[in-house]
Amino acid sequence: MNEKPLQVAVIGGGAAGFFAAISAKTNHPEAKVTIYEKSNKLLSKVRISGGGRCNVTHHCFDVRELVKFYPRGERPLKKAFGMFSPTDTVEWFESRGVNLKSESDGRMFPTTDDSETIINCLMRETRKLGIGIKTKANIKSLKKLNSGYEMDLYRSGRIKADKVIVATGGSPRASGFDWLRELDHEIEEPVPSLFTFNMPGEPIKELMGVVAEPVSVKIMGSKLQSSGPLLITHWGMSGPAILKLSAFGARELNEKDYEFKALVNWTGERAEQEVRAILKEVVSDHGLKKIHNVNPFGLPGRLWEFLIEKLDLGEDMIWQNMGKKNINRLVHLLTNDEYQVQGKTTFKEEFVTCGGISLQDVDMKTMESRKSPDLYFAGEVLDVDGVTGGFNFQAAWTTGYIAGKLR
Ligand SMILES: Cc1cc2nc3c(=O)[nH]c(=O)nc-3n(C[C@H](O)[C@H](O)[C@H](O)COP(=O)(O)OP(=O)(O)OC[C@H]3O[C@@H](n4cnc5c(N)ncnc54)[C@H](O)[C@@H]3O)c2cc1C
């Protein structure tokens, strides 16, 4: 008599769900694998990701370096990336006819610059493997049976499966995880990550469009610090230096209710003493020139003007007349320029949540729940998130791949 095939339910038709389903069917060809997606759209975030180009992964092939881009999950991800890393992502897509290219900042995209290429590849693979897909299948509850699981759908219907992979993505509200909390999983409270800083009262906004790099930014009263390019926007500040801070400080800044002071060092990582020494040289070499006309740190012209106007020295001030006091004021301004942040803005609608299933409840070598056997997690539903640059998809591919092995 034929045994019933292993039933595998993958909940969520996003990047992690597709990768998990493909991995499950590849590793267990005898199994019946079905993706259940609540909406009528599959891979919808892949479609809009990276401005429609899909930043698939990052050109960072050293796992020890790679994990540093994950404010949540850094240590536990080491094991997981050891099993499926960006190198494997590149190979996986290339062996299926999708070539990836790197940009100068390390982001990797399909050479077509079109996210449809990634979607078509994943869809083709699911069809080829005979993976079932059910859309408008919104899973409401998950109940552990003696063997396997039973799931209720919102409208009507009940599904049974021997193994379940949850790949339902992040949720901005803690209540979005209630159905998983019921199986005893610890949920790390969701809070936004990857946002830009609003500075409603700061005149620097007039310089919108100006990019300064590299700068370093600190949050006053905390240990948070980052460096990189900074973009001045209509609302305040953005760019990699700010986005990194928003990700690494997601919880702390949420606790401050997004009201805090940002200290900008416009000279990058230079210490006050070094900046003072450079300014002394300028005084001796260009003493008779106006400060407006010598921009010793190569800052964008409009920014340099803006900063020296803040010191209110007058149009005609020349370097040799600055005196010790004004040089000190300039040093302080260049290295510790203070801005009041009041609120945040989501970065390019690229909403990423920090929080989700606590990694303490997950075996990162298998992605299986430590609380409920035969239940696996993949993607943003986990308390894992990366900075912008392809790291979030990489986490989805990696955790999906591992979960699909079904131990
Ligand atoms: C605009 C935008 C651009 C982005 N660009 C990039 C980028 O270029 N590179 C990068 O690395 N990251 C990017 N990200 C982040 C990245 O998209 C996510 O980290 C990634 O999509 C997470 O994949 P996932 O499969 O875990 O979750 P999702 O993509 O959110 O998929 C989860 C799926 O589960 C379904 N679902 C939820 N609950 C249920 C339920 N109860 N029953 C059935 N189905 C359910 C949802 O409808 C959804 O389709 C971007 C995000 C956004 C919003």
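A polar contact here is a pair of N or O atoms within 3.5 Å; within protein, one atom must be able to donate a hydrogen and the other to accept it, and residues adjacent in sequence count only if both atoms are side-chain atoms.

## Contacts with the ligand

With that in hand, let's look at the ligand. A backbone N or O atom of alanine 15 sits 3.2 Å from a ligand oxygen atom, and a backbone N or O atom of phenylalanine 393 is 2.7 Å from an oxygen atom of the ligand. Asparagine 138 uses its side chain: one of its N or O atoms there is 3.3 Å from a nitrogen atom of the ligand. The protein covers 91% of the 990 Å² of accessible area that the ligand has on its own (Shrake-Rupley method, 1.4 Å probe; for residues, only the protein chains shown count as cover).

This is a predicted model, in which local features need pLDDT of at least 70 and side-chain atom pairs count only at pLDDT 80 or more, while totals for chains, interfaces and linings use all residues. Residues are numbered from 1 along each chain as its sequence is written, and side-chain values use heavy atoms, with hydrogens and water left out.

## The shell

There are 29 residues around the ligand, and Ala16, Glu37, Ile139, Glu380 and Phe393 come nearest (a residue is near if one of its heavy atoms lies within 4 Å). Helix 1 (15-27), helix 2 (44-52) and helix 13 (391-403) each give two or more residues to this shell, with helix 2 giving the most, four. Helices (H or I, at least four residues) and strands (E, at least two) are DSSP runs, numbered from the N terminus.

Helix 13 is mostly covered, with twelve of its 13 residues buried (under 20% relative accessible area; exposed is over 50%, partly exposed in between, with a 1.4 Å probe and protein chains only). Phe393, Gln394 and Trp397 are among the buried ones.

Threonine 89, in helix 5 (residues 86-94), counts as buried because its relative accessibility is 0%. Leaving aside residues up to four places away in sequence, threonine 89 touches Gln394 and Trp397, along with Val56, Thr57 and Phe84 (contact means heavy atoms within 4.5 Å).

Most residues other than glycine have a negative phi, and most peptide bonds are trans. Tyrosine 258 has a positive phi of about 60° and lies in the loop between helix 9 (250-255) and strand 16 (259-265). Leucine 406, in the segment after helix 13, also has a positive phi, near 55°. A cis peptide bond joins glutamate 213 and proline 214, with omega about -10°.
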